[in-house]
Structure formats: C-alpha cells, structure tokens
Amino acid sequence: MYSPAVLRDHMIGQTVPPVPEGSNRRERDVVTPHNISILMFIEKYARLRPKYWDPRPTDSNANHPDITAQERKATCLMTVRLVQGGDMSLSELLQVLDSAPLLSYHINSFMTALHQMYRSRIDSLLDLFDSVEKFAIQDQSRMETFPCLWTSVVGLYLRRLNLSFRHLSFSQVTSLYQRFRHYYEECYANHNNQIHQQTDVQMAAEESNITDDNDSDAKMEDMMDETREDAGADLTMCSAEVLAINSTEGDPTSHPEPELLMRQRDTEGTGVQSGHSTRQQAELFISQQTSLLQFNENAALSPLELQEKIRQLVRQNPDLAEAHYLSYLNCVRVKEFSGAVHSLLRTYDGHLMPRETGRMEDQGRGFRYAALNLAALHAQFGHKKAGLAVLKEAIRLAQESSDHVCLQHALAWLYTLSSTHKGQLTQRSMVKSFELSLSYLSSLGRLNHAAQLVHTRSTPANLLQSIVRAEALNCQHSLVSLQHGAWSLRAALWANWGNTTMTALASQLLLNLNTHHPTSPSTFYASQPTCAAVCNIAISFANLGEYQLAGEVLQHAQERFPNHSQHAHTWMFAQAHITLNDLLHQGRWTEAQTVITNMATTHPTEAKLRQCELLVAKGELTQVWELLSELHKSPEIVGELRVRLLLMESCVAVAGGGNAVAIPLLVEALTAAHDHHLTYLAAITCLHTANVQLQLGLLNEAEASVASSLGVVLSGGSVYDQARARLLAAKLQVSKAKGKDRIRKLLETAVSLELVSKLFGKVRAHHKVRETLYFKARLYHEVGCFEERNKCALEFRQFELQHPCQSYQLSVNSF
C-alpha cells in the first residue's frame, strides 16, 4: 500500500545509471522565442535598480518605483523558475507571471518592450543580444544592463544564450525573429483571427523580401491601444487582457501554480519548434512530475498531457531513461498494464549494452532493480503469482551482490504478496531496516505489522503502540506519506472496533495535517489515505441519515481524485456502500442489484455479502444458502468478515423459521467478535440474540442481552441500528408487561415508538416505518385508544401508497 513510493524515490536519480552514447556529450542550447522573452524580463527588471544600496537617479522625471522585499524575492524566484523550466507560449508565460506577486510596473514595461521588439523588426533583437554580449565580455557598461554575478544562475544562463546566438548565421537569426513574431501574435490569435491570418501572409512575404508589414503593425497597434484606453498608462492592463483572452481552463482570474505551467507545446504544422527542452530542463521536469505523482496526483499533469510531454522529451533526448520510467508511473496511474510493462522495459534496455571495463556492478544493479520494479508492477495489478516469481529473481540477484538495501525492499514486497508467514516476514523487515537506517521501510513495517495484528487476538493497546512508534519515525524523518498512512490506519482500526466517533476524529486530524509540498506551499499531500479519510467523513454523515451532506463530501473526493486517478476506486466503493444501504432501506431491489454488480469488480467478497443481504430481503433463501457456502471456502473470511458472515447465516435461519438453528451461529459470532475486540459487532450480535430469545419466549435472557448492548449501539451506532435497537427494546417491554401496569407500559411504549418511526424515516427505511406504525396501532388498539389507533392506521395507509414495498419484509422476524 505504501511501498511503491519507496521504489519511485529509489529509482529516480539513484538507481538509473547513466546511459551511454549521449549522456556525457556536451549539448548546445537552442535559442527560442521563449528565451528572448526571459532575456527581456531580466533586462527590464535590471533597469529598475532593485538593489537598495544602488544610488537613486537625481532626475525627478525618471520613473524608478520602489521595490519591496517581497517583490524582489518573488521576482528572483520567478526568474530561476523561468530559467530552469522549459519553453511555453506567451499566454502561458503571462499566466505564470500573473500568479506571482510581481511589481506591476515591471510587467507593464516587459510587455511594452515585447511589443516594441515586434514592431522594430530585427534591430531590437540584435540590440538585446548586444547588451548580453557586453555582459559576457565584462564590458565596463555591463552593470548598466545586467547587474548580476557571472557565476549566478542568471549569469550562466546569459552567457550560454549569448554563445548559442553568436553561432547562428544571418538566415538563422532572421528565422529566429520570424518565430518570435509568430510567438507574439499567437498570444492574441483567439482575440482576433484576422491578425493571425495577416501574420501568416506577412511572414511569407518577408521571407521573399517583397512586402512591408505596416498594415500588420497598424492592426497590432490598434489592438494595443484598446488595452491602453482604461489603464492610464502604457499597457497597464495588457497582462490581464492576455490572460482573459487565452485562458483555457475557465476562470482567467485563477492563479495556477507556476511549476504546473512549466510545460512545452509542439506547434506541429507550422514548422515552429517552440517546445525545445535541454537535457537539464527535461530532468527537472521529470523530477517535478515524479514528485507530484507521489505527493499529489491531481497537481501533476493529466495522464494524456503527461504522456504527450513524455513523447516529446523522448524525441528530443532518446537516451533519457528517466522519461521512460515516468511513462511507467503514468501508465500505472491509469491501470494500463501493457504500456507500463513496455515503459519499464524501455527504462532498463540500456543496461544490456556493452559497458566500460569495471562497470559490471552497474549492470547487475540495473537488472535486480528492474526485477524489483516489475514485481511491484504485478503487485499493483493483483498478479500475486507472477509478482512472487519475479521477486524471487530480484532476491537472488541481490543476494549474489550482497545488496542489503535491495533485499529489504524485496522483503517489503514479499510480505505484501505472500499469503503465509506475514508476521515473521514483517518482524524481520523491521529489525533489519532499523539496522540499515532505512527509516521509511522501518516505519512501513510497523504500520503493516499493526494492520496484520488486526486478524489476531492482539489487544488494541498493542496495535496503537505499534502505530505510535511508527509515528515517531515519521516525525523524525519527515515521512509525509507515512504520516497520513498512520492516521488512516488508526481510523480504520477504530472503525473496525466500532467507535465511529474516534474514526471521524482520526480522519479529520489527517485532513488537517500541514503537509504542503516543499516547493509549492499551496499543494498539499493527497493520496489514498487522504481519499479514505474523506470517505470516512462521508460514511459518518450517511450513517446519521444526512445523505445530502454525504453526497457533497463525496463530490469533493471526486474533484480531488478524478475518475482517471489511481485512488478513485476508494471513493467509488464508499459511494457504492452508501447508495446500496439507501436502496436496501427503500426496497429498490433492481437498482441495488446493479450497485452490487459494480462493487464486485473491485471488492468481490464484500459484494457477495451484500448480495446475501439483498436475497434475504427479497425472500430468496435457497440462493442465499448456496452463496454462503461459497463464502465459507474463501480465505479472506477472517475477523470482521467472519462475524458478519455468521450474522447473515443467523438472519437466514430466522427468516426461514429456524430460531433454534440461529442460536449456535450467534454464539459463535459473539465469541469471534470478542476475540478480535469488535465491540460494535459484538453489540449487534447481542441484539440479534435477544431478538431470537424473544421469539423463543426467553424474556429474561433477552432482557440481559439488550441491556448489555443497547448503550453501545445508542452511543456510537448508525441511525438505522439505533432505531432497530429501540424497536426491539419496545417489543421486549411489551412482552414483559403484565398485571395492572400493563396498560401504562403499553402507552409509554406506543409514545416512544414515535421517535423510532422518525429515525427510520430519516434513513428512508420504508419497510421498517410500516412495521413500526403497524406495531403502534396494535398497542393503541389493545389499550382502547381507538382514535389514536385510527390515526396510525390512516398514516400507515398513506405511507403505503407513497412508498409501496414488498409485503414479505413484514413477515421477517429477524432483528
């Protein structure tokens, strides 16, 4: 559940050795229109004299606005992101700039300079690189243009671009300027299609040196004048206008994360390569997307966009093995087995090439980690037999080279895939991981050990103690994913024990953890534990009868984890669980059968148990016994599932009139519940037992059973279970009422049934509402309150017309 993140971290940047033939050769930068925009952005910021120790000009007419420390910091960080990121269109660049708290005067002067370069033809481009040339040759006037250090990130960037530009011929410089014009005009293509058409005609004409671009300049000037009308200054609203025109994601006022917009696009069909990426930029992009896929999948690019970007990177860098591994993660993300295997094999195919002398260790390292990743892939798709076979090969290779780190990762997958000796394997993993200072595997082993102890007779104190020790490691080493995993496991344990209040509390604490991304404060960790916590909140609302609130919470989960997300099955199962309970309460059998069929694709055992519940409600008892016999053979029926299975068998026996047969089943279920500390299921079992004892005439035993479990159900049970418990207590009170006090007790019971009817109505349990009204009318009839009896009869008739259901349910004597 948690170990795939370890393999991803270990793979990227650590276990992939350098691929020969290309990884060591020197790469020349390609000057693109996006690079020109970045140079202009840096140059305009440098002219503002941002350093506080620089003397201010004495000319009062010069406009040198003061720059705050926050604006200086934001501009420097934005410059580093732009320099290290890949190419993007001008509209995307403006979105990135608008999302940061930059100086508005700086943005306006930057846009003005771009427009002037567009109008001034190639001269302005040459002047810009002349300024860069002065900086590169340490001219005395260089501090007037680019006041930065040679060895800084910006300084190295300027020198590299200058070197690449000086290698261009005159025709290549002309082509570069033409691409810049198209790059600039493309930003406004959605605003004015005529400008785009005029640009294409003019670009073709300029190549043959036979036309002038005055008409296009005039149109562009008119468009820019429209922007200046309400601004009061040159191009004050230009950035906002471009954002409004070119926003492809709806609201132009939204501020997406800058690193999420650092992507490139291939302008196929136009002959313009605006999506060029250097190897360093490609590696940075892969690192960012890999981190986001692990940290918050929804914050990364969508699967389709990411795969298209990976294809572009592979075309530009054929020997980039990390790109194939990112493709492998993207395929696992959408459950694409064939593509995942292909990408994983492409990642390691470079290890089969002949290497230099003394590099055989690298080759063996690649083979064993390739086998380990392939085993993890089979585990992700539930292929346990194939995963174990590949895992044995990885263990053999790791033992031959004495790679203890690889062995510990293999052991983590071994106790995940193995069906026997899980406890021993987990303990060995914890001890050895602690010796090797593998904090992630050590904490992961403790959490898995606690999850395995659920199926044993271990006390809750031991389980919680194991989680606390794991949380200590998580806090010491800042293991964000396992911090969420620990709270998610804690919530699951409380739900298993039947304490819904603690389940909701643990889920809310998980959702309130401050686990933002190191490079993006507005991006928070969101994975399977997060989705499970949201689903726990939704189920708690549904148990209280607040189906609308539960639907809104599930809608939030659907937005955070879309259908293509690898964790979407969690909220889908929660939605199916809530919907199925509602449909069974309403008696809508056909729709309930559809939900059960859909549930069987991901949770077959749970679907069979719910199928038994549906068949019992429909009265098809013969089919239920056949299905129950199949479930008894399943190895997954342990702990909680075994108790639920025994309860279902007792319900079938009671529905068929075999109350005496149900008693041994209920005793066995109660014993299993106590052994596994399932407090709530034990209370429900006691209520089932009290119902059978009441029908057998064992009133004192039934009263003892109700007294021992009623408090647990009323304090933490669902509304439906609370109403059933109150109804059973009312039946028991009526059965024990004798003598002179019988009439008074019957009246008190009839009045108390009003609350029971409201509770059943809140969860839309229509058949139980009818049963309660019928029982209430019989009580009023016995005490002689005929007016109240007739009122209950009328209410029963009206409710039956509004919510018709099968009459078989009224004859069922089960709890």
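Predicted model: local features only at pLDDT ≥ 70, side-chain atom pairs only at ≥ 80, totals over all residues.
Residues are numbered from 1 along each chain as its sequence is written, and side-chain values use heavy atoms, with hydrogens and water left out.

The protein chain has 38 helices and two strands, these being DSSP runs numbered from the N terminus, H or I of at least four residues for helices and E of at least two for strands. Of the 815 residues in the protein chain, 52% are buried, where buried means under 20% relative accessible area with a 1.4 Å probe, counting protein chains only. If we take contacts, meaning heavy atoms within 4.5 Å, between residues at least 6 apart in sequence, 67% of them join residues at least 24 apart.

Turning to the threonine, Thr503 lies in helix α23, residues 500-511, and it counts as buried because its relative accessibility is 7%. Beyond its neighbours within four places in sequence, Thr503 is in contact with Ala491, Trp494, Ala495 and Asn536.

Now, how many disulfides does a search of the whole structure find? The search finds zero, a disulfide being a pair of cysteine sulfur atoms within 2.5 Å. For Cys535, the closest cysteine sulfur is that of Cys531, and at 4.2 Å it is too far for a bond. Cys535 is buried, since its relative accessibility is 4%, and Cys651, at 14%, also counts as buried.

Terms used
Buried < 20%, exposed > 50% of the residue type's maximum accessible area, 1.4 Å probe, protein only.
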